[in-house]
Each structure stands twice: as C-alpha cells, then as structure tokens.
Amino acid sequence: HYYFHRFKMELHTAKTLSKDTTIEDVNGKKLPAIDIFAHAIRYLKDHFLTYINMTVSSETKVNNDDIRWVLTVPAIWDDNAKQFMRQAAYKAGLASEANKEQLLTALEPEAVGIFCRRNLTLEHNIDLNTGDRYMIVDCLHGTVDITVHEIIENGRVKEVTTASGGDWGGTKVDEEFLK
C-alpha cells in the first residue's frame, strides 16, 4: 500500500516535470506522478458518475461521454504542470487526445469568479456593472491564488492582472502553527 500526503503541490515544486517524474509516499516508496494523479482523478470521476446515476432514472443514465469536464488548476502552476494535469486526466479516462474538447482546464480563481457572480440561491447574477472590478483571493490547502477581474461590455469579464499567488495555503499555516 501507498499513502501520498498532499501530493498536488509536487507539480508546483518539481524542478522538472515529465512522464518520468516520481513522487515519494510517506514511507519512502515512489510511484510515477502521472499514475498517482490519474488514479485520484479516476476515483473522483467514477464516484461522481456512480452518485449522479443514483439520482436519475435508468432511462437517463449518464455516461462519461455525456459530460464536458472542467478540471481546475492553481493559477500559480506553470504551463508544464497544467499540461501534466491534462495528460493525467486523459490517463484517468476523463477525455482523450482524440476528444480534447471534452476536457476544459480553468484556473481556480476563474472558476471561483464565475461562481461568486451568482447569488446564494443561484437565481440570478449579483448586480455588477460595466467597469466594476473585484478581487478573488482563493485560499486553498496548498496555494493562494489572487486575481482581479473587471466587468466589460455585455457582462463579459476581463482579467485586470495576471493571476498570481504562492504556496501559502492552509498547509503552510498548519506547518507554522506546529513549529
């Protein structure tokens, strides 16, 4: 058995990232990083499909091919890490090289921004007008992503600043607290 603790940040901290990159578990055993990420994504995909199919009738069974997946990644990740996640998603069966449009990747603060523009009842958008700006500070376990968006004509959104941040998330707070 293997136990990989907080392995997602390995994609941010790895000096070189390739199909040969390995991650060490808590007992010092190594596995290819692509396999670890693919396994985690596959588990989530399978769990979601099982759960969603428990909520619909047998005539409306939802299959993987019926879904356009959106995989969010931290804004601080470089293009190599983002591509690595896409490859892991392909290996997990979310989509394939032949059906790339089935898988979208989005920066985590972008996804947060879309969600936050809705009110809590999800009935309508929060009232934002052309020229309004808002900042998203997305504090996660391993990372903090920060971005500023502006509402432009037709309710579209423009990124005012390049998303930034660092590995200052909750795990860093935990580490400092334990010192």
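1. Strands β5 and β6 are linked by a hairpin of 4 residues; strands here are DSSP runs of E with at least two residues, and helices are runs of H or I with at least four, both numbered from the N terminus. The model is a predicted one, in which local features need pLDDT of at least 70 and side-chain atom pairs count only at pLDDT 80 or more, whereas totals for chains, interfaces and linings use all residues. Residues are numbered from 1 along each chain as its sequence is written, and side-chain values use heavy atoms, with hydrogens and water left out.

2. Strand β5 (residues 133-139) runs antiparallel to β6, and 7 bridges join the two, pairing being assigned if DSSP finds at least two bridges between strands. Within this pairing, Asp 138 stands opposite Asp 145 in β6.

3. Strand β6 also pairs with β8 (residues 164-166), again antiparallel, through 3 bridges, and Val 144 has Gly 166 of β8 as its bridge partner. A further 3 bridges join β6 to the antiparallel strand β7 (residues 157-159), where Lys 158 is the residue opposite Glu 150. The hairpin of β6 and β7 has 5 residues between the strands, and in it Asn 154 adopts a positive phi near 65°.

4. Is strand β6 largely enclosed or open? Of its 8 residues (144-151), 7 are buried, so the strand is largely enclosed by the rest of the structure; buried means under 20% relative accessible area, exposed over 50% and partly exposed in between, with a 1.4 Å probe and protein chains only.

5. The largest pocket has a volume of about 840 Å³. A pocket is an open set of points on a 1 Å grid over the protein atoms alone, with protein on both sides within 12 Å along at least five of seven lines, and lining residues have an atom within 4 Å of a point; the volume is the space filled by probe spheres set on the points, which are joined across faces, edges and corners.

6. The lining of this largest pocket comprises 32 residues, with Arg 6, Phe 7, Lys 8, Met 9 and Phe 37 lying nearest the centre. Elements giving two or more residues to the lining are α1 (10-13), α2 (33-54), β3 (69-73) and α5 (170-178), and α2 gives the most, with 6 residues.

7. Asn 63 lies in the loop between α2 and β3 and is partly exposed, with a relative accessible area of 38%. Between Asn 63 and Leu 49, 14 residues apart in sequence, the C-alpha to C-alpha distance is 7.1 Å.

Methods. On a 1 Å grid over the protein atoms alone, a cavity is a set of points where a 1.4 Å probe fits but cannot get out, and a pocket is an open set with protein on both sides within 12 Å along at least five of seven lines; lining residues have an atom within 4 Å of a point.
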